[in-house]
Amino acid sequence: MTNNANTTQTTATTTAQGTTATHDHAPRLNFAKAAPKAFKALIGFDAAARDGLDPALVELIQIRASLLNGCAYCLHMHTSDARKAGEDEARLHMIGVWREARNFFSEKEQAALALTEAVTLVSQGGVPDDVYAEAARHFDESELARVLALIFTINTWNRIALSTAKVAGEDERVAH
């Protein structure tokens, strides 16, 4: 991402509630450079969360949370990662409507997606007991803890990207 203080960006984003917000602003701070210890700690937390989890499941969780949070930057990044890892294009199209397209996802994936929604939207009613119980039925305690940690990290990454106005299509993990 280019940080030219003399440039003004106009971006329009659609939120999870379906409203469109237009932002006119100068480029925002580079979180990684401005808070390197916090950024490094989050990278470590993210790596620990995904350790031992199925990479396809990791991407499904990250894509679903990014959709719910309206984070185009992370959505682009994780759908690209999923494609590179061989994820089926049809499944990627169905993540946003997974409840109506359950045949595309295993019961374990459905449980993870439901938990992702509940944790991501926690302020709208907490994490229902039935959603948690279904996830606990499919994941052992250690896996469930890592799935939760992954949901926490993607929600944090989404908030960083949205707060600092990251541009979808730019991937700062790749050297330019």
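**Close-up views of a predicted model**

View 1. R91 is buried, with a relative accessible area of 13%. "Buried" here stands for under 20% relative accessible area, "exposed" for over 50%, and "partly exposed" for the range in between, using a 1.4 Å probe and protein chains only. Please keep in mind that this is a predicted model, in which local features need pLDDT of at least 70 and side-chain atom pairs count only at pLDDT 80 or more, while totals for chains, interfaces and linings use all residues. Residues are numbered from 1 along each chain as its sequence is written, and side-chain values use heavy atoms, with hydrogens and water left out.

R91 makes a salt bridge (a side-chain nitrogen of Lys or Arg within 4 Å of a carboxyl oxygen of Asp or Glu) to E87, with 2.5 Å between the closest N and O atoms. E87 is buried, as is R91. R91 also meets E109 in a salt bridge, at 2.9 Å from N to O. Because R91 sits in helix α5 (residues 89–94) and E109 in helix α6 (residues 107–120), this pair ties together parts that are 18 residues apart in sequence. Helices (H or I, at least four residues) and strands (E, at least two) are DSSP runs, numbered from the N terminus. E109 is buried as well, with a relative accessible area of 11%.

View 2. An α-helix has 3.6 residues a turn, so residues three or four places apart point the same way. E134 is partly exposed, with a relative accessible area of 31%, and R137 is exposed, at 54%. Elsewhere, R64, R99 and E117 are linked in a network of salt bridges. Searching the whole structure gives nine salt bridges.

**View 3. The largest nonpolar core.** A nonpolar core is a set of buried Ala, Val, Leu, Ile, Met, Phe, Trp, Tyr and Cys residues joined through side-chain atoms within 4.5 Å. The largest one has 27 residues, and I61, I95, L115 and V147 touch the most other members. Helices α3 (55–69), α6, α7 and α8 (141–163) each contribute at least two residues to this core. If you centre on I95 and set aside its neighbours within four places in sequence, you will find it in contact (heavy atoms within 4.5 Å) with L60, I63, R64, L67, F105 and L113. Another core, of ten residues, lies apart from the largest one and includes C74, M77, I154 and W157. In soluble globular proteins, nonpolar side chains tend to be buried together.

**View 4. Aromatic rings around W157.** Rings of Phe, Tyr and Trp (its six-membered ring) pair if their centres lie within 6.5 Å; planes under 30 degrees apart count as stacked, over 60 as edge-to-face and the rest as tilted. This rule gives two aromatic pairs. F39 and W157 form an edge-to-face pair, with 5.4 Å from centre to centre and 75 degrees between the planes. F39 is in helix α2 (residues 36–50) and W157 in helix α8, so the pair ties together parts that are 118 residues apart in sequence. F39 is partly exposed, with a relative accessible area of 26%, whereas W157 is buried, at 17%. Together with F31, these two residues form one aromatic cluster.

**View 5. Helix α3 and its cover.** Helix α3 has 15 residues and spans 21 Å from its first C-alpha to its last, close to the 21 Å expected at 1.5 Å a residue, the expected span being 1.5 Å times one less than the number of residues. Twelve of its 15 residues are buried, so α3 is largely enclosed by the rest of the structure. Among the buried ones are L57, L60, I61, R64 and N69. Their cover includes α2, α4 (72–84), α5, α6 and α8. G70 follows α3 and has a positive phi, near 65 degrees.

**View 6. The chain as a whole.** Zooming out, the chain has eight helices and two strands, in the order β-β-α-α-α-α-α-α-α-α along the sequence. Of its 176 residues, 40% are buried. Among contacts between residues at least 6 apart in sequence, 61% join residues at least 24 apart.
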